[in-house]
Amino acid sequence: MKSQAVNPDLRGKKFRFKSEWAWAWLMVAPVIIGLIVLNIYPFIDSIIMSLYKSQGLGPAKFVGLQNYVKMFSDKQLWQSTWNSFYFVILTVPVGVFIALLLAVLLNSKIKGRDAYRCIYFLPMVVAPAAVAMVWRWIFNAEVGILNQMIGVFGIKGPNWLSDPNLAIVSIAIIAIWSAVGYDLVMILAGLQSISASYYEAAEIDGANAVQRFFHITVPLISPTLFFVILMRTMNSLKQFDTVYLLVKQTNPAFKKSATLMVLFYREAFEKFNKGYASAIVMWSFVIIMIFTVFQFVAEKKLVNYD
Amino acid sequence: MKKFLATLLTLCLLATMCSLALAEEQITLTFGFWDTNQEPGMKAIAEAYMAEHPNVKIETQVTPWDQYWMKLEAAAMGGALPDIFWMHSNQFFKYVSAGTLLDLTDLGLDYTPYPAGITALYNFEGKQYAVPKDYDTIALAYNKELFDAAGLAYPDETWTWETLRDAAKKLTSDTVKGFGAPNDTQSGYYNFVYQNGGFIFEDGKSGFDQPETQEAIKTWVELMTVDGISPTLESFTDMSNDEQFQAGRVAMQFVGSWMMSAYTSNEFIKDKFDLAVLPQGKTRASIYNGLGYAGAATTKYPEVVKDFIAFCGSEQANILQAQNKAAIPAYAGTEHYFTDLFENLNIKCYTEMIEYGVQFPFSPNKSLWEPIEAETMTSAYTGEMTVEEACNFMHETITEIEAE
């Protein structure tokens, strides 16, 4: 604005400049409106709701921070927070490592490479609910195929989905199985963007396969790897569907496998406690924020964008 | 040319709209309920009504129990309830107190043929908000094959808790458990509670602090945890009590009359089981409950909805639901249309038990404490809490919730 004020020659341009801005706003409007209506408004509404006591169909009552006081004194909240963390610990390192390993294998020239790529990606195209139903049968301790197979060796298989210490591990296995294909495709794309000349040069210098992997592959795909780890962590923190479908409230493993999202859902839609549920959502928001900040700090130190 | 085309198109549109308005007003109503087994019965009623009223179209919507109330709550808040829907005693107060139900007082219906208790369930401040649909009681189902193999006499009306436990012990083997005692209320420990002289909720008060209530629940839980005659909680999470009984892995269980159409269409179990009245404790009791047809206060066609609900309550509709194996109809004198369908089964025990039946406990805020009860009792089964602690906790929770 200032520069335009001192230079009258630009007046005509200023006008065009303005209309360009109007066009720009018009173009991004659908996204902005969508964001406001679907994300920002509900977010603010949740903050307000968390200060109210809202049960059933009656009007909500303002209670200040009472929901938060009640929430932080609830043992199950801390248990569920741990469950969510534990789930991230179980799924992210193992899941991403497997995906990386498979991606490197599928990037080499092996027979039937495309078929393998297809097979690994298949779980991604199946609806999560269907995945959960199939695994429920596999893990069924009474008649499931897994325990039948273990039974052949005369060992009684564990209660995969009802042993309090095992249920969350079983669910982590399902989560890794269904996500590995997506991560693999991402990493594969990263691998294929690495120029072959790096490897040729390294080979001439006498680097072996392991050295090549750690000194060329890992640094060059670190942006992809970072993205994959970030997405996987977010998704694991938000884990809901598989736990919800496989561990019901009468399951003895419920307390030790209910993630924060399951706890939220239960309060909001089973106990119809929407105010309290909003407070849980705020708590998960804080946790996800901490994770995100932590990861972006790590990104600056570890990721190589050159 | 363009103008001509545009005018032509507009004219076409207008003509269609006019012809739609001129035709007799076509009314579409939605009818929501939760039981797939009863879908044929509900469809038959809707079709019979549509045959008499060609301008009305009734669309049935089945939503499984777990999601039904969630969906209904969201619909109630958004003012988009189905025009007609099933109501349950657990949830009635919540919906009626929020003003979401259509007042059915002026339906001109004679309520004498229905069980008085069920009509009263859906009465709020002197007004009727749902028409009784059916009633159900709980009976003892047993696997005849397993009894024969163990050389035991079949259960009958002389049975007590002790006979049940003794028989179950004899029936229990490596592959079979004698009796299923799951974490269930209506087809579970509530029956024991009332047979022991206890109660769950009466006159605005929780009965979980009563020694009779606590003793009954303890006996029920210990059938699994101490006597070992029931499959474990872990086992029930992989296969429900019903599934285990139908698979021949459990020899006896308490089962509601609403399960009969499923049992008799299961090839594996249909010829192997029979029914008896519940064994008695200090006294006889069987939990009964009844559903109702309710209408939405927000419906666009209140008169048509009322007319259809009145039809649902008629003798004709009750016979239709009975003949389709839906449930025991609420209309007195039509029960036999249901019981006659089960020739080789002692199905009559369900209707006999209504004599000493106890209404499935309900309270204004039961929808809020019921999920907590399921969770708390799980802790009593796992031993995280004793049964007394769990009951006392429930007593405090219910007292607190109902006081608000």
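The model is predicted. Chain A is made up of 14 helices and 2 strands. Its radius of gyration is 25 Å, well over the 19 Å that the globule rule gives for 306 residues, so chain A is more spread out than a compact globule.

**Chain A as a whole**

- Taken along the principal axes, the box filled by the C-alpha atoms of chain A is roughly 90 × 75 × 30 Å.
- Buried residues make up 38% of the 306 in chain A.
- If you take the contacts in chain A between residues at least 6 apart in sequence, 67% of them join residues at least 24 apart.
- Chain A has an accessible surface of about 18,000 Å², and carbon and sulfur atoms account for 71% of that area.
- On the charge side, chain A carries 27 positive and 16 negative side chains, with 8 Å between the centres of the two sets.

**A salt bridge between the chains**

- Over all chains, the count of salt bridges comes to 19.
- One of them pairs A:Lys271 with B:Glu375, at 3.9 Å from N to O.
- A:Lys271 sits in the loop between helix H13 (260-270) and helix H14 (274-302) of chain A, while B:Glu375 belongs to helix H17 (residues 366-382) of chain B, so this pair joins two chains.
- Both partners, A:Lys271 and B:Glu375, are buried.

**Salt bridges within chain B**

- B:Lys43 and B:Glu39 form a salt bridge through their side chains, at 3.3 Å from N to O.
- These two residues, B:Lys43 and B:Glu39, share helix H2 (residues 39-52) of chain B and are 4 residues apart, about one turn of the helix.
- B:Lys43 is partly exposed, with a relative accessible area of 37%, and B:Glu39 is partly exposed too, at 22%.
- Another salt bridge links B:Arg165 and B:Asp227, whose closest N and O atoms are 3.3 Å apart.
- Here B:Arg165 lies in helix H7 (residues 161-171) and B:Asp227 in the loop between helix H9 (211-225) and helix H10 (233-238) of chain B, so the pair ties together parts that are 62 residues apart in sequence.
- B:Arg165 counts as partly exposed at 21% relative accessibility, as does B:Asp227 at 24%.

- Salt bridges with shared partners bring A:Arg266, A:Glu267, A:Glu270, A:Lys271 and B:Glu375 together in one network.

Terms used
Residues numbered from 1 in each chain as written. Chains lettered and ligands numbered in written order. Predicted model: local features only at pLDDT ≥ 70, side-chain atom pairs only at ≥ 80, totals over all residues. Heavy atoms only, no water. Rg over C-alpha atoms; globule rule 2.2 N^0.38 Å. Buried < 20%, exposed > 50% of the residue type's maximum accessible area, 1.4 Å probe, protein only. Contact = heavy atoms within 4.5 Å. Areas by Shrake-Rupley, 256 points an atom, 1.4 Å probe, with all protein chains shown as cover. Lys, Arg positive; Asp, Glu negative; His and termini not counted. Charge placed at Lys NZ, Arg CZ, Asp CG, Glu CD. Salt bridge = Lys/Arg side-chain N within 4 Å of Asp/Glu carboxyl O.
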